[in-house]
Amino acid sequence: MACHSKEARAEMTRRLGRAELGPHVHERQMPFWLRKMLERGAKVTHTNQIAPDGTLRKLGTVENEATDIIPILGRLCRADKSVSRAFLCSPRIWQISKLPREGGFCGYRNIQMLISYIRQSDLPGHDCLSGSLPTILQLQDMIEHAWDMGFNSVGREETGGIRGTRKFIGTSEAQALFLSLGIQCEARSIGGTQQLQAHDALLSIIADYFRQGSPCHTNEKVVMTCLPPIYFQHQGHSLTIVGFEIRDNGSANLLVFDPMLKVPSGMKRSMGPGSRFRDPLHALKRYRRGTSYLQKYQLFEILKPPPPPPPARSRSRPSFTGKNFQFWLLGTAAEAKMRTTPNVIITGTPGVGKTVHCQQLAQDTGLQHLSINQVAKERDCFETYDSELETWVVDEDKLLDAIEEEILEGGYLIDWHACDLFPKSWIDLVVVLRCPSTSVHYDRLSTRSYKQEKLQENLDAEIFGVLLEEAREAFDEEVVVELSSERDDDVENNCARISTWIESWKKDHSEVE
């Protein structure tokens with residue numbers, strides 16, 4: 001995180017100290033537990049999503065990484081009435097944050113963010129960065145190798161080496177790494193003059209950068225560019241600049257990804273195009289760095305990767321090819337060759353909205369709503385009564401015998417709070433509805449006159465994701481989809497996505513036939 005440019009280092013070769021390299025300046029090796037944590041990396045969660053074309057796609061979500069944040073920032077800026085004009089970099093960048101207990105590795109996280117852009121933009125040198133993003137330990141090796149090749153090699157003398165340590169790094173190390181891969185990056189040091197303070201000079205330079213990369217004669221409030229993000233350094237910290245905005249009062253802000261801050265859960269829930277924000281101003285706060293923040297520093301450094309070459313022909317949307325973020329299409333015809341319409345289970349804890357989803361989907365798609373609770377009552381499939389929880393216990397064997405003939409014909413929306421009793425061959429899609437807000441879920445359950453024990457059991461089951469885990473254990477992960485059912489517009493959005501999947505399934509199976 002130290003602020004020391006290539007030009008400044010040429011004037012001195014002294015060993016840097018605590019102010020530049022951080023509190024672990026004299027450390028020879030980081031603690032064993034930290035090294036093991038960095039080797040293990042962030043937690044990866046695998047889920048399925050319904051794509052706009054109706055196909056199922058498998059998504060591996062890394063705990064500290066998020067894609068598609070730039071378009072969300074664009075929507076936030078459009079919704080914020082205080083924004084007069086905003087410019088954003090290429091959307092081909094992931095937001096990456098630090099892991100808990102990680103310490104001062106912000107410089108490495110910013111390098112990872114630039115690498116995510118370089119890979120998605122197919123810049124020269126991107127072939128050296130295929131697969132998963134390099135870990136912090138791998139980045140340290142790459143920087144040491146760059147010094148061996150002669151790129152900004154004075155850094156080794158000043159730091160005493162960084163491999164396996166917690167020493168801060170800066171712009172020079174980031175530049176050395178990229179240059180060693182054949183990726184030309186322009187580094188620049190920005191300070192104040194008699195006419196202009198350092199932070200004003202910085203804002204002016206970043207404003208020019210985004211304006212020059214914007215389409216001519218556009219009056220759009222928010223301009224989405226193809227420009228690279230910028231590695232940004234000041235004393236003690238580094239960030240990644242992803243945009244610039246002008247407020248209606250004439251003030252200006254940098255828009256940044258700060259590795260110190262996690263992606264807000266609200267941002268992740270707002271990735272759908274129809275999602276709305278209750279408070280754009282609040283959501284943007286952690287991404288803004290204005291004069292009050294910048295004026296505390298007298299020197300800045302920036303590092304700009306090269307822009308992508310102009311395409312010879314129109315390019316498709318960026319493809320996410322990283323190992324941990326790879327999408328791939330999943331077949332859905334394996335066990336349903338005889339059906340012309342699919343069977344879909346809509347499951348989840350009581351109170352998440354299964355019935356309302358099924359009713360809407362039946363209206364939209366023509367599939368039949370099959371309420372297992374109703375079937376069990378009408379066809380006498382109950383085994384016993386649980387007086388403690390005040391609920392009937394279903395005889396599963398009797399239930400399956402009662403509905404087998406209908407289900408095998410296909411075309412049913414199965415509404416039930418459990419899914420693990422149904423044979424895999426009967427089911428084409430399992431939708432697990434979730435209600436992340438415990439307060440919303442509590443309010444819904446409270447209207448049902450449940451005993452406190454039953455109400456709390458359902459709340460606990462939702463908090464711990466019991467039904468989602470049961471679905472993943474009972475069915476192939478390729479057919480299990482988790483959807484949020486908390487807000488008023490979730491039902492409409494979810495049903496639209498499921499309907500699209502159903503139409504895609506029908507088309508695929510008619511072609512197979």
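A: A helix is here a DSSP run of H or I with at least four residues, a strand is a DSSP run of E with at least two, and both are numbered from the N terminus. The model is predicted, so that local features need pLDDT of at least 70 and side-chain atom pairs count only at pLDDT 80 or more, while totals for chains, interfaces and linings use all residues. Residues are numbered from 1 along each chain as its sequence is written, and side-chain values use heavy atoms, with hydrogens and water left out.

Let us begin with the annotated site. Under "binding site", an unreviewed UniProt entry lists G351, G353, K354, T355, V356 and R448; such positions are given in the numbering used here, their feature names are shortened, and annotations may be inferred rather than shown by experiment. Of these residues, G351, G353, K354, T355 and R448 are included in the lining of the second largest pocket. On a 1 Å grid over the protein atoms alone, a pocket is an open set of points with protein on both sides within 12 Å along at least five of seven lines, whereas a cavity is a set where a 1.4 Å probe fits but cannot get out, and lining residues have an atom within 4 Å of a point.

A residue is called buried under 20% relative accessible area, exposed over 50%, and partly exposed in between, using a 1.4 Å probe and protein chains only. T355 is therefore partly exposed, at 37%, and V356 also counts as partly exposed because its relative accessibility is 40%. Leaving aside residues up to four places away in sequence, T355 touches H369 and D415, where contact means heavy atoms within 4.5 Å.

D415 leads us to strand β18, residues 412–415, from which Y412 and I414 point one way while L413 and D415 point the other way, although all of them are buried. In a regular strand the side chains alternate between the two faces of the sheet. Two strands pair if DSSP finds at least two bridges between them. Strand β14 (residues 344–347) runs parallel to β18 and is joined to it by three bridges, with I346 standing opposite D415. Strand β15 (residues 368–371) is also parallel to β18, joined to it by four bridges, and here S371 stands opposite D415.

One more element deserves attention, namely helix α17. The 12 residues of α17, 452–463, should span 16 Å at 1.5 Å a residue, and because its end C-alpha atoms are 16 Å apart, the expectation agrees with the model; the expected span is 1.5 Å times one less than the number of residues. The buried residues in α17 are K454, L455, N458, L459, A461 and E462, and they cover an arc of only 160 degrees around the axis, which means that they lie on the same side of α17. That arc is the one made by the directions from the helix axis to the C-beta atoms. Among the elements that cover the buried residues of α17 are β17 (391–394), β19 (429–434), α16 (438–446) and α18 (466–474). After α17 comes G465, which has a positive phi, near 60 degrees.
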